[in-house]
Amino acid sequence: MNHKINITYDIFTVKQPLVSSVIRKCVEAVLDAEGVKTGCEINVLITNDKGIHAINKASRNIDRPTDVLSFPMFQLEPGNPPQDWTDYLDPETGLCPLGDMCLSLERAAAQAREYGHSPRREVGYLTIHSMLHLLGYDHLDEGPEKARMRAREEAIAASVGLKR
C-alpha cells in the first residue's frame, strides 16, 4: 500500500535518518497489521521535551512533557477499520489523512535507559502506540481496553523485530 508518511524535525531536534527509518517501518507495520486497505497520510513531528511540553500544554492543558502525543483525524473503532474509506479520503490526494503524532526523542532516550532497551525499540514502540491511537485504540481504563492495546503494541513490535 502506498502511504505518505511526513516526518518533520523541529528546530530543537537534529534530523536522524535511523529514527525516520524505524518510524516509517512501524507506521507501515501497524497499518498492515490492522488491515488498513487504503493509502493513508500521517504527519510525524520529532521534537524534544521542551517542544512536546509546549504542545501538551497548548493541546491538552497538561503542563509537562510526555513521550508521544496522538491527534487522530477521525473517531475509528479499534480493531475494525472501515471497509470503505471513501468518506475519509482527501479528494486532492486520494489518501486518508489519518492524523498527526508528536514524539519526543529526548523522552524516548530516557525511557529506553529506564526500561533497559534500545532507543530504536522505544521510538518504534512509541510510534506503534501512537498509530494505534490514530486507529481508535485507547487505554484510559486499566481494564480490557488497555490490555487489548498493549497486546497489539507488543505483537506489532515483535513483528518488526522490536521485542522487549
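Reply: Asparagine 56 belongs to helix H2; helices here are DSSP runs of type H or I with at least four residues, strands are E runs of at least two, and both are numbered from the N terminus. Before we go on, please keep in mind that this is a predicted model, in which local features need pLDDT of at least 70 and side-chain atom pairs count only at pLDDT 80 or more, while totals for chains, interfaces and linings use all residues. Numbering starts from 1 along each chain as its sequence is written, and side-chain values use heavy atoms, with hydrogens and water left out.

With a relative accessible area of 0%, asparagine 56 is buried (buried means under 20%, exposed over 50% and partly exposed in between, using a 1.4 Å probe and protein chains only). Its side chain meets that of arginine 60 in a polar contact of 2.8 Å. Such a contact is a pair of N or O atoms within 3.5 Å; within protein, one must be able to donate a hydrogen and the other to accept it, and residues adjacent in sequence count only if both atoms are side-chain atoms. Setting aside neighbours within four places in sequence, asparagine 56 is in contact with Asn61, Ile62, Arg64, Pro65, Thr66 and Leu69, where contact means heavy atoms within 4.5 Å.

Leucine 69, one of those partners, leads us into the sheet, where this residue stands opposite cysteine 102 in E4. E3 and strand E4 (residues 96-104) run antiparallel and are joined over 5 bridges; two strands pair if DSSP finds at least two bridges between them. Proline 72 has glycine 99 of E4 as its bridge partner, and glycine 99 is also the bridge partner of isoleucine 42. E2 and E4 run parallel, with 8 bridges joining them.

Stepping back, 4 strands make an open sheet in the order E1-E2-E4-E3, with mixed pairing. Strand E1 (4-9) and strand E3 (68-72) are at the edges with a single partner strand each, so one side of each has no neighbour in the sheet. From one strand to the next, the twist averages 15°. Helix H1 (residues 17-33) packs on this sheet, touching E1, strand E2 (40-47) and E4, and its direction makes about 145° with that of E1; axes are lines fitted to C-alpha atoms, for helices over the stretch in contact, and angles run from 0 to 180 degrees between N-to-C directions. As for E4, 7 of its 9 residues are buried, so this strand is largely enclosed by the rest of the structure.

Let's return to H2 through its charged pairing. Arginine 107 forms a salt bridge with aspartate 49, the closest N and O atoms being 2.9 Å apart; the term stands for a side-chain nitrogen of Lys or Arg within 4 Å of a carboxyl oxygen of Asp or Glu. Arginine 107 is in helix H3 (residues 105-115) and aspartate 49 is in helix H2 (residues 49-60), so this pair ties together parts 58 residues apart in sequence. Aspartate 49 counts as buried at 13% relative accessibility, whereas arginine 107 is partly exposed at 25%.

The structure holds 4 salt bridges. Among them is the one between arginine 152 and glutamate 34, with the closest N and O atoms 2.8 Å apart. That pair links distant parts of the chain, with arginine 152 in helix H5 (residues 144-159) and glutamate 34 in the loop between H1 and E2, 118 residues apart. Glutamate 34 is buried at 8% relative accessibility, and arginine 152 is partly exposed at 24%.

Finally, here is the nonpolar packing. The largest nonpolar core has 39 residues, of which Ile23, Leu31, Ile42, Leu98 and Met131 touch the most other members. E1, H1, E2, E4, H3, helix H4 (119-134) and H5 each supply at least two residues of this core, and the largest share, 8 residues, comes from H1. A nonpolar core is a set of buried Ala, Val, Leu, Ile, Met, Phe, Trp, Tyr and Cys residues joined through side-chain atoms within 4.5 Å. Not counting residues up to four places away in sequence, isoleucine 23 touches Ile7, Val44, Ile46, Val123 and Thr127.
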